[in-house]
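I open this notebook to record what I looked up in one structure, entry by entry.

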Amino acid sequence: MPADPLHQQLASPAQPIPPDDLGEGPEDGMALCLSGGGYRAMVFHIGVLWRLNEAKLLERLQRISSVSGGSITAGVLGTRWTKLGFQNGVGQNFVREVVEPLRQFASRTIDAGAIVGGIFLPGTIADRVASAYRKFLFGTASLQSLPDVPRFVFNATSVQSGVLWRFSKPYMADYRVGRVLSPDVEIAVAVGASSAFPPVLSPVEMHLDPAKFEAGSGTDLASSEYRSQIVLTDGGVYDNLGLETAWKRYRTILVSDAGGRMAPDADPEHDWARHALRILDVIDNQVRSLRKRQVIEAFKRGDRTGAYWGIRTNIADYQLADSLACPFDRTMALANIATRLQKMDDGLQERVINWGYAVCDAALRKHVDAKLPKGQFPYPRGV
């Protein structure tokens, strides 16, 4: 007898991932992807959202897909969405509802205290990070408090199945394990899982009732063994641009990449701890490079429309006569901020926000809407 097609697929090293629906090809609509990168990404994406709001594109988004540090920014945007007060396409309360709480959060160091407490006190490091998100940003709001449109998707990585675990208002799911409809999971927990940077902030564990999974969902791992305990790590391990859950669905994709880049090292460390960290950097660098290549090549072929911009982009590459003044040596200094949840002073925050705003402005005017008026730095001192 011929082999079962499902088993043939699962035996292959390259497995197609089921789309959100069974329609053919992407549908019209615009999605935004926010990468990881700790506070560096969180603050960079503030500037990006600021520019999108002024350009009247924020309200038009159908989906916002995020990982890691980008999920912190997206979580605040999602929980405050109904308070933005959109008028003529612009959220009038954006600064008060999004910028100010994120900037206040960026003035605190979260990871160091969580690590020390997780080692010496009851509870895990991941629990303490989620507690900080709960205390300072999200309260006890759950995924069910998010708007229906845009759809917010917080992406984590399943340590058990090795694929994406997504959190959203309609459902949370791992395509191999199955999905839970209308999950009543706190946003603090979802963002905590999405930003559980390995090795120190990872993993996050959730204990679920297997009976809550939708009947017939999942493929080869749809069993109580995988459904009762969910073990997750940072979404960037699987997809550090937050691309997949937007790419499969929409034709216009905006990608904001604040991720790091592995520096060359002629004499890498050989002790197990630092060597392991170096290997993680190699993996992250490769995943990011492949995802970025996927985006750029699709734009060139015309398969998708939209724009990609990165914290390491040279703004001169957009070849705009009037791009905002952002010297490459200064923006690269911002790009090299460590991937931490570590306090940023006000001046550094403003420079990173300005840079996110400026490079988003250039990308939008070059690749999305050439008639869009030039923006102005949110903080006039510039980058």
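Where is the place of Pro150? I found Pro150 in the loop between helix H6 (125–138) and strand E5 (151–158). The peptide bond that leads from Val149 to Pro150 is cis, with omega near 0 degrees.

**Entry: basis.** I note that this is a predicted model, in which local features need pLDDT of at least 70 and side-chain atom pairs count only at pLDDT 80 or more, while totals for chains, interfaces and linings use all residues. Residues are numbered from 1 along each chain as its sequence is written, and side-chain values use heavy atoms, with hydrogens and water left out.

**Entry: the chain.** I read 13 helices and twelve strands in the protein chain; helices (H or I, at least four residues) and strands (E, at least two) are DSSP runs, numbered from the N terminus. Of its 383 residues, 52% count as buried. Buried means under 20% relative accessible area, exposed over 50%, and partly exposed in between (1.4 Å probe, protein chains only). Contacts (heavy atoms within 4.5 Å) were looked up next. Among those between residues at least 6 apart in sequence, 75% join residues at least 24 apart.

**Entry: cores.** A nonpolar core is a set of buried Ala, Val, Leu, Ile, Met, Phe, Trp, Tyr and Cys residues joined through side-chain atoms within 4.5 Å. The largest one has 92 residues, of which Leu52, Tyr133, Phe167 and Trp309 touch the most other members. Helix H13 (residues 346–367) gives this core its largest share, eleven residues. A second, separate core of twelve residues includes Ala31, Cys33, Trp247 and Ile253. I also listed the neighbours of Tyr133; leaving out residues up to four places away in sequence, Tyr133 touches Ile72, Phe105, Phe138 and Leu341, among others.

**Entry: rings.** Rings of Phe, Tyr and Trp (its six-membered ring) pair if their centres lie within 6.5 Å; planes under 30 degrees apart count as stacked, over 60 as edge-to-face and the rest as tilted. By this rule I have nine aromatic pairs. Tyr39 and Phe105 form an edge-to-face pair, 5.7 Å centre to centre with 70 degrees between the planes. Tyr39 lies in helix H2 (residues 38–54) and Phe105 in helix H4 (residues 94–106), so this pair ties together parts that are 66 residues apart in sequence. Both Tyr39 and Phe105 are buried. Trp81 counts as buried at 9% relative accessibility, whereas Phe86, at 21%, is partly exposed. Ring pairs also link Tyr39, Phe105, Tyr133, Phe136 and Phe138 into a cluster.

Entry: Glu205 stands opposite Val231 in E10.

**Entry: positive phi.** Ser68 has phi near 55 degrees, a positive value in a residue other than glycine. Ser68 is placed in helix H3 (residues 68–80) and is buried, with a relative accessible area of 4%. Ser182 has phi near 45 degrees, also positive. Ser182 sits in the loop between strand E8 (178–181) and helix H7 (187–194) and is partly exposed, at 47%.

Methods. Pairing = 2+ DSSP bridges.
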